[in-house]
Amino acid sequence: MTTPIDIPPPLPWDQRKPAVNSSPGGYSSYIRSLREICDQVVSNHLLRSDLVDWTQNHFQLSTSSANALVGFLHKTDVLESTVNRIHLSEYANRWYAQKDDGILLGMLHRRIQFVGEMLAELRGGPRSIKELHQAAQRYGLDWKGYGQVSRRRGWLESAGLIEPIAEGRLAITDAGHDLLSKLTLHSRSSPPVGGPSNIPVHHPPVPEPEEPAPPNNPSSAEALADEIRAAATDSKNPDRLEIAVRDAFRFLGFEAEKLGGAGKTDVLITAPLGKDSSYSAAIDAKAVGNGALGNGQVAWATLDYHRKHHKADYSMVVGPNPAQKSLMRYAADFTVAVLSTEQLADLCLQHDRAPLGLDTYRALFATGGAVNMAPIEQAARDLTRTRNLAVALCAELAEKTSQLGPLSAPVLMGMLYQSDKAYSEPEIQQVLDTLSSPLIGAIQGTADQGYVLATAPRVTQRRLQQLGDSLNP
């Protein structure tokens, strides 16, 4: 059980950071993913760069996302670095050894604004993400969207301090009440609640603003994923999930249109792959207040009608936690693919890290019943592997060719060999051919004579950026 001595005292409010990072996985997985990271730190003699590489590869993150996560763990004192290794801090070691997540949340509360304070907002009863966002504004936190509240939810929920209930609301648990009794909290209008003295910086009360509607076109994959999760249980506003589903498939590269109305599907998507390869799908989006889509909430004959009416190739239903056996049985009988909102949110985050093509995404619709994500996840891993190989090849050419001259695929294969990340010669040659193409022009040379860098990496980056801007003006 967490004792006050296990919880570090919070910094003054103005020294705590307003932004918190997420952790890989859904809301219930934040701490489990963090423990996997800490397992690596405890079990291996790692530099910070080693941990970033492991985090990137294990969770299929971009380099910037992996760097940001490891940086966040340093800023919150979970991790500490010395010259030749990275290790857990004193408090993090207590959390890791005792498996008491209250210690970890105390560490986040020490460094991050509105962690314990958000937990305290739930003492008066369940709250929605929107209501918690409004509460944060009363602490002077003027966030534009729900992302920061949702990330705090992930840390609190994965620690068992809060839990989702009906209508998309969050409630504090007994463990949450217990931790609150040990925390020193900031208040905008009264002394801190509980714990030792900690003089807060007060903010004057601000009027509660009219909450803006969720954006139809979220500016980032994380904002889109947060909106999908929130809309999944907002059954009083079913259009919200339909819009989120439309935006998600647009983000994945589909042409997507929200239809709705009598005789029409909720969302119609098309993969424009040419005359013989294009495909389309009629999608039914089901927001469910209790967070679990059941068989009785799906009109299977109507879904079949929608597919035929729109001359679509496939049919899909999207909703929260569709695990009921009877639902899956009917889905298989009607050849309707079933995708959970959590899977769709994760798919957007994965696409941000490893953007895949529309032909790969055909696997989402290919069979009735639960969607098999394995082929898509493998394709994302393959793309990340290829991208990492391209980076590694450019790094080797930059470092070695000044002394050794042009390097060929067989030589580079030997230089890059690692027992857990061996690249084949054909794999390396294929990437070298791509990097040396006139469009990219990152390297120059031939398979027989070897390769050298053709320009500075920033020039290649600029060339690719211009290509992207031209393709999407």
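This is a predicted model: local features need pLDDT of at least 70, side-chain atom pairs count only at pLDDT 80 or more; totals for chains, interfaces and linings use all residues.
Q: How many helices and strands does the protein chain have, and how compact is it?
A: The chain has 19 helices and 13 strands. Its radius of gyration is 25 Å, close to the 23 Å that the globule rule gives for 473 residues, so the chain is as compact as a globular protein of that length. Along the principal axes, the C-alpha atoms fill a box of roughly 75 × 65 × 40 Å.

Q: What share of the residues in the chain is buried, and what share of the contacts joins residues 24 or more positions apart?
A: Buried residues make up 49% of the 473. Among contacts with a separation of 6 or more, 61% are between residues 24 or more positions apart.

Q: Which residues touch the most other members of the largest nonpolar core?
A: The general idea comes before the case. In soluble globular proteins, nonpolar side chains tend to be buried together. In this model the largest nonpolar core has 59 residues, and Leu-79, Leu-105, Phe-114 and Trp-155 touch the most other members. Helix H1, residues 30–43, gives the most to this core, with 6 residues. A second, separate core has 42 residues, including Phe-249, Met-316, Leu-356 and Val-371.

Q: Which residues is Phe-114 in contact with, beyond its neighbours in sequence?
A: Leaving aside neighbours within four places, Phe-114 is in contact with Trp-13, Arg-16, Glu-121, Leu-132, Ala-135, Ala-136, Tyr-139, Leu-141, Trp-143 and Arg-152. Leu-132, Ala-135 and Ala-136 are also among the buried residues of helix H7.

Q: Is Ala-331 buried or exposed, and which residues does it touch?
A: Relative accessibility is the value to read here, and under 20% means buried. At 0%, Ala-331 counts as buried. Ala-331 sits in helix H13, residues 325–333. Not counting residues up to four places away in sequence, Ala-331 touches Trp-300, Val-336, Val-338, Gly-368 and Gly-369. Ala-331 and Val-298 are 33 residues apart in sequence, with 9.5 Å between their C-alpha atoms.

Q: Where is Gly-368, and what is its relative accessible area?
A: Gly-368 lies in the loop between helix H15 (358–361) and strand S11 (369–370). Its relative accessible area is 25%, so Gly-368 is partly exposed. Its contacts, apart from neighbours within four places, are Ala-331, Ala-332, Thr-335, Val-336 and Ala-337. Gly-368 and Tyr-330 are 38 residues apart in sequence and 8.8 Å apart in space, C-alpha to C-alpha.

Q: How many residues line the largest pocket, and which lie nearest its centre?
A: The lining has 29 residues, with Arg-387, Ala-390, Val-391, Ile-440 and Leu-464 nearest the centre. About 1,200 Å³ of space lies in this pocket. Its lining divides into 14 nonpolar, 13 polar and 2 charged residues.

Q: Which helices each supply at least two residues of that lining?
A: They are H3 (63–75), H16 (374–404), H18 (425–435) and H19 (457–471). The largest share, 8 residues, comes from H16.

Technical notes. Residues are numbered from 1 along each chain as its sequence is written. Side-chain values use heavy atoms; hydrogens and water are left out. On a 1 Å grid over the protein atoms alone, a cavity is a set of points where a 1.4 Å probe fits but cannot get out, and a pocket is an open set with protein on both sides within 12 Å along at least five of seven lines; lining residues have an atom within 4 Å of a point. Grid points are joined across faces, edges and corners, and a volume is the space filled by probe spheres set on the points. Helices (H or I, at least four residues) and strands (E, at least two) are DSSP runs, numbered from the N terminus. Ala, Val, Leu, Ile, Met, Phe, Trp, Tyr, Cys and Pro count as nonpolar, Asp, Glu, Lys and Arg as charged, and the others, Gly among them, as polar. A nonpolar core is a set of buried Ala, Val, Leu, Ile, Met, Phe, Trp, Tyr and Cys residues joined through side-chain atoms within 4.5 Å. Buried means under 20% relative accessible area, exposed over 50%, partly exposed in between (1.4 Å probe, protein chains only). Contact means heavy atoms within 4.5 Å. The radius of gyration is taken over C-alpha atoms; the globule rule is 2.2 Å times the number of residues to the power 0.38.
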